[in-house]
Amino acid sequence: MGGYQVVWPPLFIINHKDTVVINTIDEHLQKYGLRHFAQEPGYYAWRVRTLSPKQVQDLDNITSLVSRDPSPENIQAFNDFVARERITPIIQSMRADIIKQSGLQVDALLERRPAVLDVGCAAGYLATWYAFSDPRRHVTGVDFSGETIEYAREFAKQLDIKNVHFHSMDITQAVPDGLFDAIVGTHCFESFPDLRQVVGNLVAHLKSDGIMLSITHTPHDLDIAESFQTAGLKVSPIEYFDASHFGETARFSIVIGERL
Ligand SMILES: C[S@@+](CC[C@H](N)C(=O)[O-])C[C@H]1O[C@@H](n2cnc3c(N)ncnc32)[C@H](O)[C@@H]1O
């Protein structure tokens, strides 16, 4: 196939010039500079080669601050730093397969649900994937890191994906206007100090048959499922999927709540 690697599932989209464009989530994430590493040493060698000594030092400092005190302010400062320094690919490549597998799971569950809110969308690599993979969707991505949202907007513009919009917003304080068919949080709901309050506010923005969907891991899945139930959603049995993390298999949970 002349060097072209076929990756499943392929996606065929007829663009306005009636030519067939083939794209996959792998290609999409590569456009964001994400790389998959099977082994940790290879990743860290790339990281050291790519970052300047000052970036390595600053990254170490801010990483140890977040490890000591993972407060919302420190998480926001970390994400602002990563976007400002344009080192998002370096950071997110640590979880490249987790992002990919999460995106594929969510994408499948968004079938026939056009108005989508992606909470804690980071640089927008999945929000733009949901938008790209079905042009009938309107995707709204929010994150409380303003610099990350700037980055997300730039990338969406560069990729010419128009059915996605990004807002810098703390979801514990506000929710974008409108009603959504699906509200999605991948690896995000578990970081909310007052999960029940956030979920309660979000439910008010779900259409009557809309779904709320969280990709997370045990034990957070049980807590998130309970918060969905408390907010009046009908919760499906939790499902699981695997992703590779530096050659190890990691298991993730899909929590789905449906508004009745
Ligand atoms: C672990 S990252 C996950 C990013 C992305 N959803 C993914 O699956 O790769 C969590 C994201 O949630 C954002 N976040 C955390 N708390 C938030 C809040 N209160 N409001 C909005 N975004 C928040 C962070 O800035 C970060 O980008």
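This is a predicted model: local features need pLDDT of at least 70, side-chain atom pairs count only at pLDDT 80 or more; totals for chains, interfaces and linings use all residues.
Residues are numbered from 1 along each chain as its sequence is written.

Back to Arg112, which lies in the loop between H6 and E3. Helices (H or I, at least four residues) and strands (E, at least two) are DSSP runs, numbered from the N terminus. The phi of Arg112 is near 60 degrees, a positive value in a residue other than glycine. Ala122 also has a positive phi, about 50 degrees, although it is not a glycine. Most residues other than glycine have a negative phi, and most peptide bonds are trans. Ala122 is in the loop between E3 and H7, and it counts as buried because it has 25 C-beta neighbours inside 10 Å. Pro219 belongs to the loop between E7 and helix H10 (220-230).

Now for the strands. E3 (residues 115-119) pairs with E6 in the parallel sense over three bridges, and with E4, again in the parallel sense, over five bridges. Two strands count as paired if DSSP finds at least two bridges between them. Val116 has a partner on each side: Val139 in E4 and Ala182 in E6. Leu117, for its part, is bridged to Ile183 in E6. E6 also runs parallel to strand E7 (residues 206-216), to which six bridges join it, and here Val184 stands opposite Leu213. Both E3 and E6 are mostly covered: four of the five residues of E3 are buried, as are six of the seven residues of E6 (residues 180-186).

H7 is largely enclosed by the rest of the structure, because nine of its nine residues are buried. Among them are Tyr125, Trp129, Tyr130 and Phe132.

The largest nonpolar core has 62 residues, and those with the most contacts inside it are Tyr130, Ile183 and Met212. The largest share of this core, seven residues, comes from helix H7 (residues 125-133). A nonpolar core is a set of buried Ala, Val, Leu, Ile, Met, Phe, Trp, Tyr and Cys residues joined through C-beta atoms within 7 Å. Not counting residues up to four places away in sequence, Ile183 touches Leu117, Val119, Leu202, His205, Leu206 and Met212. Two residues are in contact if their C-beta atoms, placed from the backbone, lie within 7 Å.

Helix H4 (residues 72-84) holds Val82 and also Phe81. Val82 counts as buried because it has 23 C-beta neighbours inside 10 Å, and Phe81 counts as buried because it has 21. With residues up to four places away in sequence set aside, Val82 touches Ile87, Thr88 and Ile91, whereas Phe81 is in contact with Asp58 and Ile62. Val82 is 32 residues from Thr50 in sequence and 14 Å from it in space, C-alpha to C-alpha.

H4 also turns up at the ligand. It gives the most to the shell around the ligand, with three residues, and H4, helix H6 (96-109) and strand E4 (138-143) each supply at least two. Of the 21 residues around the ligand, Gly120, Ala122, Phe144, Ile171 and Thr186 come nearest. A residue is near a molecule if its C-beta atom, placed from the backbone, lies within 6 Å of it. By type, the shell divides into ten nonpolar, nine polar and two charged residues. Here Ala, Val, Leu, Ile, Met, Phe, Trp, Tyr, Cys and Pro count as nonpolar, Asp, Glu, Lys and Arg as charged, and the others, Gly among them, as polar.

How values were computed
A residue is buried if 20 or more other C-beta atoms lie within 10 Å of its own, exposed if 12 or fewer, and partly exposed in between; C-beta atoms are placed from the backbone.
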